[in-house]
Amino acid sequence: MKFSIVIPFYNVEKYAAQCLQSVMQQSFSDFEAILVDDGSTDGTSAIIDRYTAMDARFKPIHKENAGLTSARKCGTEVAQGEYIVPVDGDDWISENYLAVFSDLVDEYHADIYMTGYKKVGDSGDILQESG
């Protein structure tokens, strides 16, 4: 397996489904997604379980809250992919996100890749953007 997407979640019920939907719809399919619920007290856990039932590539971990670093570490420790792709539970990714990474990996064989981002407001307006 080429990629392990590690996604920590903590009380992001409002955004979790959009995040997981964007992962599920990747054009590149050789990945697993480690979904680490870091003790959420809202409906996040149920959303994770629902998406896990829909996609065998999704691997849930439910744990007591110990913070973002702990959740990332927990997911990374069980990841089986050649590359770790961090995504936050309130983010979403474009459908060709992993395909672009795969092409870069195949061409350059680098150990670390960085992407730009867009910060989007609740109304859908782009508030901030990086290259």
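Modeller: We shall proceed from the overall fold to the cores, the aromatic rings and the salt bridges.

Modeller: This is a predicted model, in which local features need pLDDT of at least 70, side-chain atom pairs count only at pLDDT 80 or more, and totals for chains, interfaces and linings use all residues. Residues are numbered from 1 along each chain as its sequence is written, and side-chain values use heavy atoms, with hydrogens and water left out.

Colleague: How many helices and strands are there in the protein chain, and how do the elements run from the N terminus on?

Modeller: Helices (H or I, at least four residues) and strands (E, at least two) are DSSP runs, numbered from the N terminus. The protein chain has four helices and six strands, and the order of its elements is β-α-β-α-β-α-β-α-β-β.

Colleague: What does the radius of gyration say about the protein chain?

Modeller: The radius of gyration is taken over C-alpha atoms, and the globule rule is 2.2 Å times the number of residues to the power 0.38. For 131 residues, a compact globule would have a value near 14 Å, and the protein chain agrees because its radius of gyration is 14 Å. Along the principal axes, the C-alpha trace spans about 45 × 35 × 25 Å.

Colleague: Which share of the contacts joins residues at least 24 apart?

Modeller: Contact means heavy atoms within 4.5 Å. Among contacts between residues at least 6 apart in sequence, 75% join residues at least 24 apart.

Colleague: How many of the 131 residues count as buried, as a percentage?

Modeller: Buried means under 20% relative accessible area, exposed over 50%, and partly exposed in between (1.4 Å probe, protein chains only). By that rule, 41% of the 131 residues are buried.

Colleague: Which residues have the most contacts inside the largest nonpolar core?

Modeller: A nonpolar core is a set of buried Ala, Val, Leu, Ile, Met, Phe, Trp, Tyr and Cys residues joined through side-chain atoms within 4.5 Å. The largest one here has 26 residues, and I5, I7, F9, L20 and F58 have the most contacts inside it. At least two residues of this core come from each of β1, α1, β2, α2 (44–54), β4 and α4 (97–108). The largest share, five residues, is supplied by α1. Another core lies apart from this one and has six residues, including V6, I34, I61 and C74.

Colleague: What does I5 touch?

Modeller: Leaving aside residues up to four places away in sequence, I5 touches V23, F31, E32, A33, I34, V85, V87 and L98.

Colleague: How many aromatic pairs does the structure hold?

Modeller: Rings of Phe, Tyr and Trp (its six-membered ring) pair if their centres lie within 6.5 Å; planes under 30 degrees apart count as stacked, over 60 as edge-to-face and the rest as tilted. The structure holds four such pairs. One of them joins F3 and F28 in an edge-to-face arrangement, with 5.5 Å centre to centre and 70° between the planes. F3 lies in strand β1 (residues 3–9) and F28 in the loop between α1 and β2 (31–38), so this pair ties together parts 25 residues apart in sequence. F3 counts as buried because its relative accessibility is 2%, and F28 is buried because its relative accessible area is 18%.

Colleague: Which arrangement do F3 and Y83 form?

Modeller: Their pair is tilted, with 6.1 Å centre to centre and 45° between the planes. Y83 belongs to strand β4 (residues 83–86) and F3 to strand β1, so the pair ties together parts 80 residues apart in sequence. Y83 counts as buried because its relative accessibility is 16%. Ring pairs link F3, F28 and Y83 into a cluster.

Colleague: How many salt bridges does the structure hold?

Modeller: A salt bridge is a side-chain nitrogen of Lys or Arg within 4 Å of a carboxyl oxygen of Asp or Glu. The structure holds six. One of them joins the side chains of K14 and D122 (3.3 Å, N to O). This pair links distant parts of the chain, 108 residues apart: K14 is in helix α1 (residues 13–24), and D122 is in the loop between β5 (117–120) and β6 (126–130).

Colleague: Are K14 and D122 buried or exposed?

Modeller: K14 is exposed, with a relative accessible area of 60%, and D122 counts as exposed at 65% relative accessibility. By contrast, D55 and R57, which meet in a salt bridge at 2.7 Å, N to O, are both buried.
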